[in-house]
Amino acid sequence: MTEAYIIDGKSIAAKLREQISAAVASIVATEKITPGLAVVLVGSDPASQVYVRNKARQTIAVGMRSFETKLPEDVSEAELLEAVHRLNSDPAVHGILVQLPLPQHIHTAKIIEAITPEKDVDGFHPLNAGRLALGLPGLVPCTPLGCLMLAKSWLPDLSGLNAVVIGRSNIVGKPLAQLLLAENCTVTIAHSRTQNLPQICARADLLIAAVGRPAMVKADWIKPGATVIDVGINRVPVPATIEEEGGKAERKTRLVGDVDFAAAKAIAGAITPVPGGVGPMTIACLLRNTLQAACTQAGIAMPQLDRSGN
Ligand code: NAD
């Protein structure tokens, strides 16, 4: 039996960044505008710090300006809102991203709603969510956009396919379902209360898992030849070797997705790996959204980027 084609998110994201770089160079030269992305980081969560550092590095690498606002864990909601308002009115900032999660004492929805919708490069503002639901142009959340690009790199025409999205979060599952509907898929959204999940998945020509449970989706849930996009990022311990059992070595971990990748690749037609699948697309799509935001704010057309990533 032939194994699934592995959809290489790393190289598709690299191509997208190259296209963004060229488009940025062109609008810097012709319009004298340098797109700028501001990231707001509250507290000192190590994972968030790594994400923010990566975002800044990649923003600068495509020729954009990167701005960082770091605030302490105990910052008040009013101070954070004040920081967002300052960025809203700064003409050098075209995109604003507030790194989530925020500390418990801060009302996340209130902060997201304070971001000017035209600068909301995460696409989480209710106005952008509503635009997506209505099929109107707006800023689309980065991870779902990346998933769509990966699916289309393998299946350029999704029209008429049965798509099953597992997960209904506002940042992945719901917006992804809207994007697939706009591509004329027949969309099913499954979630924690869904019954008969394996049977529902077995109908999917395109199966997308966005749950956060290591290797939950088994190979025998997958329709032979289906395209599988794995959004999950789960850190699991690497099984200890006999020598390590003695307690000398530090316990190692690795990243796995929501799909049992090793078994699934014998059944699926194409599949994304974890790491190296959806993950790299998320930041590339953030840069794409920043370019789009800068163009909208300047009243110029967004340069044509290949949505399939090819
Ligand atoms: P979330 O916790 O907000 O949502 C998880 C969803 O899974 C919920 O809608 C829930 O109903 C559903 N679910 C939970 N248990 C289930 C079950 N047993 N059967 C069916 N559905 C079930 O998570 P999220 O923010 O949407 O993220 C999902 C996963 O994607 C996480 O692993 C996260 O780390 C990852 N993620 C990756 C990227 C990326 O860049 N690759 C970006 C965002 C999220």
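View 1. The ligand is surrounded by 22 residues, and the closest are Arg168, Ser169, Ser192, Ile233 and Thr282; a residue is near a molecule if one of its heavy atoms lies within 4 Å of it. This is a predicted model, in which local features need pLDDT of at least 70 and side-chain atom pairs count only at pLDDT 80 or more, while totals for chains, interfaces and linings use all residues. Residues are numbered from 1 along each chain as its sequence is written, and side-chain values use heavy atoms, with hydrogens and water left out. The shell around the ligand divides into 10 nonpolar, 10 polar and 2 charged residues, where Ala, Val, Leu, Ile, Met, Phe, Trp, Tyr, Cys and Pro count as nonpolar, Asp, Glu, Lys and Arg as charged, and the others, Gly among them, as polar. Helix H11 (residues 278–298) gives the largest share of this shell, 3 residues; helices (H or I, at least four residues) and strands (E, at least two) are DSSP runs, numbered from the N terminus.

**View 2. Backbone atoms facing the ligand.** A polar contact is a pair of N or O atoms within 3.5 Å; within protein, one must be able to donate a hydrogen and the other to accept it, and residues adjacent in sequence count only if both atoms are side-chain atoms. A polar backbone atom of Ile233 is 3.1 Å from an oxygen atom of the ligand, and a polar backbone atom of Val231 is 3.5 Å from an oxygen atom of the ligand. At His191, a backbone N or O atom lies 3.4 Å from a nitrogen atom of the ligand. On its own the ligand has 860 Å² of accessible area, and the protein covers 72% of it; accessible areas come from the Shrake-Rupley method with a 1.4 Å probe, and for residues only the protein chains shown count as cover.

**View 3. The protein chain as a whole.** The secondary structure of the protein chain comes to 11 helices and 11 strands, and along its principal axes the C-alpha trace spans about 55 × 55 × 35 Å. The radius of gyration of the protein chain is 20 Å, which agrees with the value near 19 Å that a compact globule of 310 residues would have; this radius is taken over C-alpha atoms, and the globule rule is 2.2 Å times the number of residues to the power 0.38. Of the 310 residues, 47% are buried, where buried means under 20% relative accessible area, exposed over 50%, and partly exposed in between (1.4 Å probe, protein chains only). The protein chain exposes about 15,000 Å², of which carbon and sulfur atoms supply 55%. Among contacts between residues at least 6 apart in sequence, 69% join residues at least 24 apart, with contact meaning heavy atoms within 4.5 Å.

View 4. Gly36 has its place in strand S2 and counts as buried because its relative accessible area is 0%. Not counting residues up to four places away in sequence, Gly36 touches Arg65, Phe67, Ala92, Val93, His94, Gly95 and Thr290. Gly36 and Arg65 are 29 residues apart in sequence, but their C-alpha atoms are 4.4 Å apart in space. Gln292 is in helix H11, and this residue is also buried, with a relative accessible area of 15%. Leaving aside neighbours within four places in sequence, Gln292 is in contact with Gly138, Leu139 and Met302.

View 5. Ser89 is found in the loop between helix H3 (77–88) and strand S4 (95–98), and Ser89 counts as exposed because its relative accessible area is 57%. From C-alpha to C-alpha, Ser89 and Thr116 are 9.0 Å apart in space, and they are 27 residues apart in sequence. Lys32 lies in the loop between helix H1 (9–31) and strand S2 (36–42) and is exposed, at 70% relative accessibility.

**View 6. Backbone geometry in the loops.** Most residues other than glycine have a negative phi, and most peptide bonds are trans. Phi of Lys32, however, is positive, near 60°, and Asn196, in the loop between strand S6 (186–190) and helix H8 (197–201), has a positive phi of about 55°. The peptide bond from Leu100 to Pro101 is cis, with omega near 0°, and Pro101 is found in the loop between S4 and helix H4 (108–114). The peptide bond from Val274 to Pro275 is cis as well, with omega near 0°, and Pro275 has its place in the loop between strand S11 (270–271) and H11.
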